[in-house]
Amino acid sequence: MAKSSKKSKEEEEIVDSGDDAWWWLVHKGITPSFLCIALFSLLVRVAVSLHPYSGAATPPKFGDFEAQRHWMEITLNLPLNEWYRNTTRNDLSYWGLDYPPLTAYQSYVHGLFIRFFSPESVALFTSRGHESYLGKLLMRWTVLSSDALVFFPAVFYFIVVYYSDRNQRGRMGGIAWHIAIILLNPCLILIDHGHFQYNCISLGLTVGAIAAILSDKDLLACVLYSLALNHKQMSAYFAPAFFSHLLGKCIRRRYPIFEVFKLGLVVSGTFLVVWWPYVHSVEAFFEVLSRLAPFERGIYEDYVANFWCTTSVLVKWKRLFPTHQLKVLSLGATISTFLPSMIQQIWAPSKKGFLYGLLNSAFSFYLFSFQVHEKSILLPLLPASLLAGEEPFLFTWMTLYALFSMFPLLHRDKLVLPYLAVSALFILLSLAPNRRQETRETNAFRSIVTTFFPLCSLILHVVYLSMNAPQRYPFLFEALIMLLCFSQFTFLTMYTNAQQWMLLKHSNLVDKEKKLL
């Protein structure tokens, strides 16, 4: 009887906290909440996967779907030493492998699965452009299973660690909201399950590494992040944050050199295992390495909302500078923008500062590095989603413009309907009751800003879908979208850098209070 009244009292506290809309889902704890939200998230992914994909029925090279299928074809039918080599059986000009070895191994494993049910889908040469119903279904299932086996468990690990030292009573609605906002990230769903890629694997490994850092399992973090780097080289967007935070922790320990040596040994060992088939030959090693840096494609492609592409409207970077000079310029700009964040974490490493550091580092690469794609916005969006419990407005605003920045790409893929559907779902989620909704009074300037920019986005959506661009400026609408999104990403970068450095001021105040006590 006492136990029953105690349970009833706790339930009342949750309901009274303003989370009554979530109560049915969250009153039993994190695990049931996660499972329910994960199941719904999988159903959303399945619904999006019923729509077209990149390059559907558009020969001769099709698109990203065909690239992923072709890598399965190559890894299944050719010896390992030919996977990255241009031969008569492996024409690198036709979707040659351009990701690190872990992606190749993943393609091999998925290829085995597909060959078991549909051998013609991955047959050498004859399967090029293969688009049978069964083949497409199996390909979609490989992405769905990757999400369920890698990304979802990593998010669960993060949520458990992130909220382990926080009082959950009366906060379960906020925790459920945080789970939903990560698992139902509309940009990741549209790119992986619509456009077709496997970002869920590298991002899942990264989330696992972040959770390991937050739980002080630094060696495990090094293994997981090294695997993320060896799956997609774009995971290097997070490298400055991982390096600076771990270095900051090491130099505060009793034997800093030994601590650094341990971490370096684990990283080197992980890389050695992944690259083992290619380290026996210098030629083979550089064959793989040369495929990972496609400098010949230029400093940007299409209309990506970063510095180089946006300013190219006025400054024709590709005409003014040769590629080798652009590489130096982009490297210098990228380092200069993530350096302040690194200094802050080396100086005063903290778990919250680490999350901000990940966001600032990824933003630096997205805005200024060489060869950025529209899809690269997924990288800064990841730490923003992990910070959503602390910064709900930041994450909501960033996600809306990340979605908009990819709209021309998704429009080409005929994914407008799922784009609108998951956008609406995300907006509903962002308005759902949660414990971290801001209660500050909205001033006039902020009210104008939060009305003006979404209105501009809405108008551009309508114009893009209903009007043709002038013949003289065929990409005018894409340029306007790029400009609007770049302005928001630039503002958010300045804001998050300021927030990270404000943590230093807060820690100093806490130290002073402790001394007074």
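Me: Over the ring of which residue does the charged end of Arg-128 sit?

Reply: This is a predicted model. A charge counts as sitting over a ring if CZ of Arg is within 6 Å of the ring centre and within 35 degrees of the ring normal. The charged end of Arg-128 is 4.0 Å from the centre of the ring in question, and that ring belongs to Tyr-94.

Me: How far from the ring centre of Trp-95 is the charged end of Lys-61?

Reply: Lys-61 has its charged end over the ring of Trp-95. The distance to the centre of that ring is 5.0 Å.

Me: How many aromatic pairs are there, and is the pair of Phe-116 and Phe-117 stacked or edge-to-face?

Reply: The structure has 34 aromatic pairs. In the pair of Phe-116 and Phe-117, the ring centres are 5.0 Å apart. Planes over 60 degrees apart count as edge-to-face. The two planes stand at 85 degrees, so this pair is edge-to-face.

Me: Is Phe-116 buried or exposed?

Reply: Exposed means over 50% relative accessible area. Phe-117, at 46%, is partly exposed. Phe-116 has a relative accessibility of 67%, so Phe-116 counts as exposed.

Me: How many residues apart in sequence are the parts that the pair of Phe-395 and Phe-426 ties together?

Reply: The rings of Phe-395 and Phe-426 have centres 5.8 Å apart and planes at 75 degrees, so they form an edge-to-face pair. Phe-395 belongs to helix α19 (residues 392-405) and Phe-426 to helix α21 (residues 416-431). The parts tied together by this pair are therefore 31 residues apart in sequence.

Me: Are Phe-395 and Phe-426 buried or exposed?

Reply: Buried means under 20% relative accessible area. Phe-395 has 0% and Phe-426 has 1%. Both Phe-395 and Phe-426 are therefore buried.

Me: Which residues have the most contacts inside the largest nonpolar core?

Reply: The largest nonpolar core has 146 residues. Leaving aside neighbours within four places in sequence, the contacts of Phe-151 include Ile-182, Leu-188, Val-207 and Leu-382. The residues with the most contacts inside the core are Phe-151 and Phe-158.

Me: How many disulfides does the structure hold?

Reply: A disulfide is a covalent bond between the sulfur atoms of two cysteines. Cys-309 is buried at 2% relative accessibility, and Cys-485 is buried at 0%. The number of disulfides in the structure is zero.

Methods:
Residues are numbered from 1 along each chain as its sequence is written. This is a predicted model: local features need pLDDT of at least 70, side-chain atom pairs count only at pLDDT 80 or more; totals for chains, interfaces and linings use all residues. Side-chain values use heavy atoms; hydrogens and water are left out. A disulfide is a pair of cysteine sulfur atoms within 2.5 Å. Buried means under 20% relative accessible area, exposed over 50%, partly exposed in between (1.4 Å probe, protein chains only). Rings of Phe, Tyr and Trp (its six-membered ring) pair if their centres lie within 6.5 Å; planes under 30 degrees apart count as stacked, over 60 as edge-to-face and the rest as tilted. Helices (H or I, at least four residues) and strands (E, at least two) are DSSP runs, numbered from the N terminus. A nonpolar core is a set of buried Ala, Val, Leu, Ile, Met, Phe, Trp, Tyr and Cys residues joined through side-chain atoms within 4.5 Å. Contact means heavy atoms within 4.5 Å.
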